[in-house]
Amino acid sequence: MALLRRYVRASQRESHKPAPEGTEASEAVIPVVICAAQERMGGTMATINSIHSNTDASLFFYIITLRDAVQHVREYIGNSKLKGINYKIIEFNPMILKGRVRPDSSRPELLHPLNFVRFYLPLLIIKHRRVVYLDDDVIVQGDIQELYNMKLQPGHAAAFASDCDLPSTHEMVRSVGMQTTYMGFLDYRKREVRELGINPSDCSFNPGVFVADIEEWKRQKITLQLEKLMQQNFRDNLFSSAMAGGVATPPMLIAFYRKYTPINPLWHVRHLGWSPDTRYSDTFLREAQLLHWNGHFKPWDYPCVHKELWEKWYIPDPTGKFSLVRPNT
């Protein structure tokens with residue numbers, strides 16, 4: 001843990017845009033944590049733009065990235081309409097994961113170091129009692145204050161959207177194999193998994209959007225729990241990448257089993273990236289407060305669905321490094 005703390009603090013010193021005095025530490029400010037991978041940079045900026053454009057609240061963005069993308073983040077923001085936002089760039093050191101993540105060539109995208117950033121929130125974000133964490137394939141259509149100000153139940157360190165609270169329109173997605181229970185994420189053929197005492201038919205949740213109570217997270221030592229689960233998986237190969245969620249989702253599902261507050265389903269309408277042939281009604285999507293293209297079919301790639309809702313917030317990369325994938329017209 002001391003090694004992790006050193007990595008994180010050194011990275012914070014190396015690269016950030018200073019906020020106006022008093023801004024970063026104030027609880028009147030809504031802190032939003034989002035990752036910025038080099039190859040998905042346009043997604044991150046679209047998410048930030050949608051949040052910033054749909055609220056009057058004071059925001060502070062913690063943008064977590066790897067060393068090779070730090071300058072790209074600076075230039076993308078500094079030379080676009082986002083140049084006025086308050087933010088800090090935090091470099092995440094992949095060495096934190098050494099001995100905790102087993103290499104797997106079958107689904108390398110699930111092993112990207114930034115997939116594990118959410119495990120370390122209290123060490124990355126040290127000046128706030130509560131934060132909102134969002135994946136980079138999200139668009140926020142509502143006012144982020146509503147999500148941030150939701151009430152967490154006593155003793156809960158986080159709020160997630162339960163996969164059993166999906167709107168009725170998601171029935172169409174279930175027909176193409178969407179996972180909604182722990183059975184889809186944990187390999188119950190393994191004795192160690194069965195000994196966890198988790199009911200395989202209990203509802204899972206999606207960790208791509210959540211509100212975290214940092215003080216409660218630290219009190220329950222959630223990061224330490226997640227690290228122990230990663231180390232156990234590294235040793236015993238408990239979480240196969242063949243299962244839904246790869247190796248980054250199961251530790252969250254285990255650590256927060258029956259210990260999280262549910263998010264309003266309209267604040268996490270997901271699986272827009274699950275199938276290029278599955279669409280939701282326009283009426284339903286207008287009611288949604290947050291859209292999530294989790295799945296293989298991202299809105300910056302092709303094919304994808306409902307791309308017009310994402311492109312509304314997309315900001316072309318002023319450096320030219322990121323570009324949309326679209327069919328020739």
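**Close-up 1. Val-131 and its partner in strand E7.** Val-131 has Ala-212 of E7 as its bridge partner. This is a predicted model, where local features need pLDDT of at least 70 and side-chain atom pairs count only at pLDDT 80 or more, while totals for chains, interfaces and linings use all residues. Residues are numbered from 1 along each chain as its sequence is written, and side-chain values use heavy atoms, with hydrogens and water left out. Strands (E, at least two residues) and helices (H or I, at least four) are DSSP runs, numbered from the N terminus. E4 and E7 run antiparallel and are joined by five bridges; two strands count as paired if DSSP finds at least two bridges between them. E7 covers residues 205-213, and eight of its nine residues are buried, so the strand is largely enclosed by the rest of the structure. Here, buried means under 20% relative accessible area, exposed means over 50%, and partly exposed lies in between (1.4 Å probe, protein chains only).

**Close-up 2. Strand E6 beside E7.** E6 (residues 158-162) pairs with E7 over four bridges, in the antiparallel sense.

**Close-up 3. The whole open sheet.** Seven strands line up in the order E3-E2-E1-E4-E7-E6-E8, with mixed pairing. At the edges sit E3 (87-91) and E8 (261-262), each pairing on one side only. Ile-34 stands opposite Leu-134 in E4. As a rule, side chains in a regular strand alternate between the two faces of the sheet.

**Close-up 4. Helices H2 and H3 crossing.** H2 (residues 41-53) packs against H3 (residues 70-78) at about 45 degrees, with the axes 11 Å apart. Axes are lines fitted to C-alpha atoms, for helices over the stretch in contact, and angles run from 0 to 180 degrees between N-to-C directions. The two helices are therefore oblique to each other; angles under 35 degrees count as roughly parallel, over 145 as roughly antiparallel, 65 to 115 as roughly perpendicular, and the rest as oblique. So who touches whom? On the H2 side it's Met-41, Gly-42 and Met-45, and on the H3 side it's His-72, Val-73, Tyr-76 and Ile-77, where contact means heavy atoms within 4.5 Å.

**Close-up 5. Arg-258, out in a loop.** Arg-258 lies in the loop between H10 (249-255) and E8. Its phi is positive, about 55 degrees, although Arg-258 is not a glycine. With 60% relative accessibility, Arg-258 counts as exposed.

**Close-up 6. The loop between E9 and H12.** Pro-303 sits in the loop between E9 (290-292) and H12 (307-311). The peptide bond leading from Tyr-302 to Pro-303 is cis, with omega near 0 degrees. His-306 is found in the loop between E9 and H12, and its phi is near 55 degrees, a positive value in a residue other than glycine. His-306 is buried, with a relative accessible area of 1%.

**Close-up 7. Asp-282 and His-306.** These two residues are 24 apart along the chain, and their C-alpha atoms are separated by 9.3 Å. Asp-282 lies in H11 (residues 282-287) and, at 49% relative accessibility, counts as partly exposed.
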